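User: I'm new to this one and would like to know what the labels rest on. Could you walk me through them?

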Amino acid sequence: MEFNYSNDRIFLLNDKNETIAEVTFPQTDENTVTIDHTYVDSSLRGQGVASKLLYSAAEYLRSNNKKVIPTCSYAVEWFKKHKEYSDILK
């Protein structure tokens, strides 16, 4: 599974170029983003795709020296379970 990256989201496309999974993180200031949306198509549910998206987002944001404010309910819970990323929380 290979995710696509842009400045404010990480996503997965199907063979029809449709988004079937994504996490979005718009910038709120120069050093901070808000993880405000996580989506996984029903065809992928139960395979850990949402967690992989959040892991990829956390690594991407850490490597780009960004702080994170999770507002999406999935992201809030994911960060509670993954204390190893508490350094990027604002």
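**What the labels rest on**

User: What makes asparagine 17 count as exposed, and where is it?

Analyst: Asparagine 17 sits in the loop between β2 and β3. Helices and strands here are DSSP runs (H or I of at least four residues for helices, E of at least two for strands), numbered from the N terminus. Exposed means over 50% relative accessible area, buried under 20%, and partly exposed in between, with a 1.4 Å probe and protein chains only. Asparagine 17 has 60% relative accessibility, so it counts as exposed. Its phi is positive too, about 65°, although it is not a glycine.

User: How do you know that asparagine 65 is exposed?

Analyst: Its relative accessible area is 63%, so asparagine 65 goes into the exposed class. This residue lies in the loop between α1 and β7 (67-70), and its phi is near 55°, a positive value in a residue other than glycine.

User: Before we go on, what kind of model is this?

Analyst: It's a predicted model: local features need pLDDT of at least 70 and side-chain atom pairs count only at pLDDT 80 or more, while totals for chains, interfaces and linings use all residues. Residues are numbered from 1 along each chain as its sequence is written, and side-chain values use heavy atoms, leaving out hydrogens and water.

User: Why is a set of residues called a nonpolar core, and how many residues has the largest one?

Analyst: The name goes to buried Ala, Val, Leu, Ile, Met, Phe, Trp, Tyr and Cys residues joined through side-chain atoms within 4.5 Å. The largest such core has 25 residues, and Val23, Phe25, Ile35, Leu53 and Phe79 have the most contacts inside it. Two or more residues each come from β2 (9-13), β3 (19-24), β5 (32-35), α1 (49-63) and α2 (73-81). The largest share, 7 residues, is from α1.

User: What does isoleucine 35 touch?

Analyst: Contact means heavy atoms within 4.5 Å. Leaving aside residues up to four places away in sequence, isoleucine 35 touches residues including Val23, Phe25, Leu54, Leu61 and Phe79. Its bridge partner in β7 is proline 70.

User: What makes β5 and β7 a pair?

Analyst: Two strands pair if DSSP finds at least two bridges between them. β5 and β7 are joined by 4 bridges and run parallel. They belong to an open sheet of 3 strands in the order β4-β5-β7, with mixed pairing.

User: Why are β4 and β7 called edge strands?

Analyst: β4 (27-29) and β7 each pair on one side only.
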